[in-house]
Amino acid sequence: MARVVVDVMLKPEILDPQGQAVQRALPRLGFDGVADVRQGKRFELELSDPVDEAAIERVREMARTFLANTVIEDFTVRVDEPVDEPVHVRPEERL
């Protein structure tokens, strides 16, 4: 199996109130030096077949028609490392 990742972000010209709220909250929490925050979505698709150009194009079509609202969002598609067995990490260990 292979993992394909689709990252979806608001286009730069689209207002991001959620990102702005995070940006305003960070200094109050002691995290200074962050100039901008944009909030987005990440989709991880585990494909059962090998990843070739046709598979990537199929994922792009999924993103265009279902995963992203292309009027206000951009997306990127990339192949991640092969998936053997899932590794479970507690959220506090991810940092």
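Reader: Where is the place of Asp80?

Author: Asp80 has its place in strand E3, which covers residues 73–82; strands (E, at least two residues) and helices (H or I, at least four) are DSSP runs, numbered from the N terminus. Please keep in mind that this is a predicted model, in which local features need pLDDT of at least 70 and side-chain atom pairs count only at pLDDT 80 or more, while totals for chains, interfaces and linings use all residues. Residues are numbered from 1 along each chain as its sequence is written, and side-chain values use heavy atoms, with hydrogens and water left out.

Reader: What does Asp80 touch, leaving out residues up to four places away in sequence?

Author: Asp80 touches Arg3, Val5 and Arg42, where contact means heavy atoms within 4.5 Å.

Reader: Which strand holds Arg3, and why is Arg3 called buried?

Author: Arg3 is found in strand E1. Its relative accessible area is 14%, so Arg3 is buried. The side chain of Arg3 also makes a polar contact of 3.4 Å with the side chain of Glu46, a polar contact being a pair of N or O atoms within 3.5 Å; within protein, one must be able to donate a hydrogen and the other to accept it, and residues adjacent in sequence count only if both atoms are side-chain atoms.

Reader: What can be said of Val5, and how do you know whether Val5 is buried or exposed?

Author: Val5 lies in strand E1, residues 2–10, and because its relative accessibility is 0%, Val5 counts as buried. Leaving aside neighbours within four places in sequence, Val5 is in contact with Arg42, Phe43, Glu44, Thr76, Val77, Arg78 and Asp80. The C-alpha atoms of Val5 and Val77 are 5.7 Å apart, although 72 residues separate the two in sequence.

Reader: How do you know whether the length of H1 agrees with that of a helix?

Author: Helix H1 has 12 residues, 17–28, and at 1.5 Å a residue these should span 16 Å, whereas the end C-alpha atoms are 17 Å apart, which agrees. The expected span is 1.5 Å times one less than the number of residues.

Reader: Which residues of H1 are buried, and why are they said to line one face?

Author: Gly19, Ala25 and Leu26 are buried in H1. Seen down the axis of H1, the buried residues fall within an arc of 125°, so they line one face of the helix; the arc is that of the directions from the helix axis to the C-beta atoms. The face turned away from the buried side carries the exposed residues Pro17, Arg24 and Arg28.

Reader: What makes the buried residues of H2 a face as well?

Author: In helix H2, residues 53–67, the buried residues are Ala55, Ile56, Val59, Ala63 and Leu67. Viewed down the axis of H2, they fall within an arc of 100°, so they line one face of the helix. On the other side of H2, Glu53, Ala54, Arg58 and Thr65 are exposed.

Reader: Why is Glu61 not simply called buried or exposed?

Author: Glu61, found in helix H2, has a relative accessibility of 32%, and therefore counts as partly exposed. A polar contact of 3.1 Å joins the side chains of Glu61 and Arg64.

Reader: What makes up the largest nonpolar core?

Author: A nonpolar core is a set of buried Ala, Val, Leu, Ile, Met, Phe, Trp, Tyr and Cys residues joined through side-chain atoms within 4.5 Å. The largest has 11 residues in all: Val4, Val6, Val8, Leu47, Ala55, Ile56, Val59, Ala63, Leu67, Ala68 and Val77. E1 and H2 each supply at least two residues of this core, and H2 gives the most, with five.

Reader: What pattern does the chain follow along the sequence?

Author: The chain has two helices and three strands, and along the sequence they follow the pattern β-α-β-α-β.

Methods. Buried < 20%, exposed > 50% of the residue type's maximum accessible area, 1.4 Å probe, protein only.
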